[in-house]
Amino acid sequence: MTQINMVQSLNKSLDQLMAEDERVIVLGEDVGRDGGVFRVTDTLLNKYGEERVIDTPLSELGIIGMAAGMAMHGLKPIAEIQFQDFIYPAFDQIVNNISKIRYRTGGRYSIPLVIRTPYGGGVRGGLYHSQSGESYFVHTAGLTVITPSNPYDAKGLLVSAYKRNDPVIFLEPKRLYRSVKAEVPDGLFEIEIGKAAKLKEGDEVSIITYGSMVPTVMNTVEKNGINADVIDLRTLLPMDIDAIIKTAKKTGRVITVHEAPRTLGVGAEISALIAERALDSLLAPIVRVAGYDIPFSYSHEDLNIPSEKRIMSAINRVLEY
Amino acid sequence: MDYAEALNMGIVGNLSNEQTISAYKTAVLARTLDIKIINAQRQGIIGFHVPNQGQEMIQIAIGMLSEKDDFIFNYYRDLALLLQRGVPLSLIFDQMLSNSNDLQKGRQMPDHFSFKEFNFTTVQSPVGAHLPLAVGAAYSIKYTKKKGIVIATFGDGATSTSDFHAALNLASVYNLSVLFVCENNGWAISLPSSKQTKAEIYKKGAAYNIPGKRVDGNDLISSLLGLQEALNYVRDGKGPYLVEATTYRIGPHSTSDDPKKYRSDEITDGSENDPIRRLENLMLKMGVVDPSFIQSVKAQAKEEIDKTMDERMTIPPVDPSTMFDDVYESPSWIQEEERREMNDSD
């Protein structure tokens, strides 16, 4: 197997899913001729034609709403929202329609729809090409929220998302699109939704992270020789509760790391779950390392994304407590 | 429009007396049902209702001209359309009463129906949000080469939403078979149409190269004539079409508001402009029926509705343990845990 990056992995996965299943339709802004602004859908238009690879007008609620109608009536759309920052016009469709249609019809209609969207900072994208809005979606029952941190998981999780008969928000950490390479099997395979990955075994501190922050966390613990248990959640809704509680009980010291703002971030939910179920095991306060509660500044993105230094500072704080 | 004139035009030349009588019976049934539900709401038996009175004829015309394979993305004020497409009164009451026979398991407010067997998809409260879905369904029909078209209904308020404009644009860009029908009843809760838009609704499609037409939605013949022309266009695969049916909301927006606060105009049930009265007058004038027949239709409707409601009220409510089902195909640990917590807290 050759090493490929996340864009190549996603592109190949989409290609294989489209080849295997005629119900799969890819739609979004510039996904066809341009192959997507990050090239994730490159070459698909030539292979599958414009009936299956749809360059849509510039309307996010139109993309998601239309895809939902397709999904209700037998197709398996995979929609792209060009940047997660642009998804908000479709927020009503996501929160009020697609996440609730199975429930509100008594389970008689379902929306097997995957919404792929790049998220996070680090590409000099300023306020509107850098956001990490996962909490908005994690707060909505009916959605499944996934974020891969490497090319291997990107494939396995995308295939699992495609097989799911419910809507999936598939958050792609754009900073890692080309910066991380991995060996990825040629064939289609699945990674179970709701299952975290243990990236490193350790005893002294638990670091629970996901998506765009995973390489930074791993670099930090490796460079500094930290005896850390590192967990990559991979699925944010539903989170792997067993993995979270197990590591908290094992080390008694927990740090959460994400790029999204701290207030009501995924780290807050992890902290609450641990406080409810493993308080007696804790040897130090749970510390959240997160993006700041400010809009994502163009000039200061390096300061806003949690750095190795900030992660190390949190590690020291809980170890020294 | 005069019935004879319509016949001369040849378009509804096939409309038999039996069909007209059948349409009339459905209209009376819908009206009687509406009155029954409002009374039940006042007695605390049904939680809520968006009255449908005044809009029966356009809805019945849509129902008459729709085919079994068509998908209907209706809105919350379409009671007569449901009846015309054959949804039984019993299922309507089951939903309104949230009993254990309700197909939606008691999860939606009254009037937010989904009847999959009749291709009524699903109704949401946020106005206009079903319209992009209607376009997606039409895309699916075209892609899979299935039979049928999509018919989407909505009120005048919906024409101000982003969803409406996105849906029209997309339906046009992909040349999809969607008939958009705006039931312009003059009001969006308290806002009159004149303040909703300064444009004419049926012309709004022009921005998307979609033809439009206004019909008198309070007149069965006019509605059928206008819809038939639009449907021919859509069924021929020429693309989407926008019909504005002018109609009239006799009642309040919902059982939760008092229209005296914001409107002084009034067409009451049974007045000369009431669409049901207009059809009655036409049928009487044409000698299709006599006054005693009219009385018997009304009496039969009342009897059927009273009987059905009594019967459906004996069905027990939905089991609360189903509350956590259908959030996903299979519940996650979160729903399972919360279900246990709820049961343990009893």
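How many residues of chain B are in contact with residues of chain A?

## Contact between the chains

In this predicted model, 36 residues of chain B are in contact with 37 residues of chain A; contact means that the C-beta atoms of two residues, placed from the backbone, lie within 7 Å. Helix 6 (131-144) of chain B gives the most to this side, with 10 residues. Helix 7 (162-173) and helix 12 (333-344) of chain B also give two or more residues each. Helices are DSSP runs of H or I with at least four residues, and strands are runs of E with at least two, both numbered from the N terminus.

## The sheet of chain B

Chain B has an open sheet of five strands in the order 1-2-3-7-6, with parallel pairing; two strands pair if DSSP finds at least two bridges between them. Strand 1 (71-73) and strand 6 (212-216) of chain B are at the edges with a single partner strand each, so one side of each has no neighbour in the sheet. Three bridges join strand 1 to strand 2 (residues 150-155) of chain B, and B:Ile72 has B:Ile151 as its bridge partner in strand 2.

Helix 6 of chain B packs on this sheet, where it touches strand 1, strand 2 and strand 3 (178-184) of chain B.

## Domains and conventions

An automatic or database assignment gives chain B domain 1 (3-315) and domain 2 (320-346).

Residues are numbered from 1 along each chain as its sequence is written, and chains are lettered from A and ligands numbered from 1 in the order in which they are written. Because the model is predicted, local features need pLDDT of at least 70 and side-chain atom pairs count only at pLDDT 80 or more, while totals for chains, interfaces and linings use all residues.

Definitions and conventions:
Axes fitted to C-alpha atoms, helices over the stretch in contact; angles between N-to-C directions.
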